Amino acid sequence: YCVHRIVDVLNQNQKCVNGTRVLMLGLSYKRDVSDVRESPSLDIIRLLEEGGARVDYSDPYVPEFHIDGTEKKSVTLSREAVSEYDLVVVVTDHSDLDYQMIQESASLIFDTRDVFPRTHDNVVKL
């Protein structure tokens, strides 16, 4: 369901999945832990990459992980880094992320955890 909504959000903003740069915020199963077992983020990454998206992630509790034989490393969040992505997807709402900086720097955000106020033009809620 989340991937279908992400595709809809991209389409509404004149972007296709193929070639889109996506930053996933939070990889772990729940807030403020490092456990990725059964995390929905893994399925979202797989499905978006199958559609041709280039997906990175940022998670202070998961510095690196392997998915389908490929190693991925967590992106260090900064204004510059966040602004390079077409879409930022909040999957795990870690308490120590700078959400204000993310909202100010991201061109488009898909918020699955309700961490952003509904009043921002660049935020779409699940």
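**Figure 1. The largest nonpolar core of the predicted model comprises 24 residues.** Within this core, the residues with the most contacts are I6, M24, L48, F65 and V89. At least two core residues are supplied by each of α1 (2–12), β1, α2, β2 (54–58), β3 (64–67) and β5. L48 touches V3, I6, V17, V22, A53 and V55, where residues up to four places away in sequence are not counted. A second, separate core consists of 16 residues, including V75, L97, Y99 and F116. In soluble globular proteins, nonpolar side chains tend to be buried together.

**Figure 2. Strand β1 pairs with β2 and with β5.** β1 spans residues 21–25, and four of its five residues are buried, so the strand is largely enclosed by the rest of the structure. β1 and β2 run parallel and are joined by five bridges. L25 has S58 in β2 as its bridge partner. β1 and β5 also run parallel, with four bridges joining them. Here M24 has V89 in β5 as its bridge partner. M24 and V89 are both among the residues with the most contacts inside the largest nonpolar core.

**Figure 3. Helix α2 forms part of a right-handed β-α-β unit together with β1 and β2.** The helix covers residues 40–50. Its buried residues are S41, L42, I44, I45 and L48. They lie on the same side of α2, because the arc that they cover around the axis is only 165 degrees. These buried residues pack against α1, β1, β2, β3 and β4. One of them, L48, has V22 and V55 among the residues that it touches. After α2 comes G52, with a positive phi near 100 degrees.

**Figure 4. A salt bridge joins K72 to E49.** The closest N and O atoms of this pair are 2.7 Å apart. E49, in contrast, counts as partly exposed. Side chains of opposite charge can pair when their charged atoms come close.

**Figure 5. K73 forms a salt bridge with E64.** K73 is exposed, with a relative accessible area of 54%. E64 is partly exposed, with a corresponding value of 40%.

**Figure 6. R21, D56 and E84 are linked in a network of salt bridges.** Between E84 and R21, the closest N and O atoms are 3.7 Å apart. This pair links distant parts of the chain, the two residues being 63 residues apart. E84 is located in the loop between α3 (79–83) and β5 (87–90), whereas R21 is located in strand β1.

Key: Residues are numbered from 1 along each chain as its sequence is written. This is a predicted model: local features need pLDDT of at least 70, side-chain atom pairs count only at pLDDT 80 or more; totals for chains, interfaces and linings use all residues. Side-chain values use heavy atoms; hydrogens and water are left out. A salt bridge is a side-chain nitrogen of Lys or Arg within 4 Å of a carboxyl oxygen of Asp or Glu. Buried means under 20% relative accessible area, exposed over 50%, partly exposed in between (1.4 Å probe, protein chains only). A nonpolar core is a set of buried Ala, Val, Leu, Ile, Met, Phe, Trp, Tyr and Cys residues joined through side-chain atoms within 4.5 Å. Contact means heavy atoms within 4.5 Å. Two strands pair if DSSP finds at least two bridges between them. A crossover is right-handed if, with the strands pointing away from the viewer, the path from the first strand over the helix to the second runs clockwise. The arc is that of the directions from the helix axis to the C-beta atoms.
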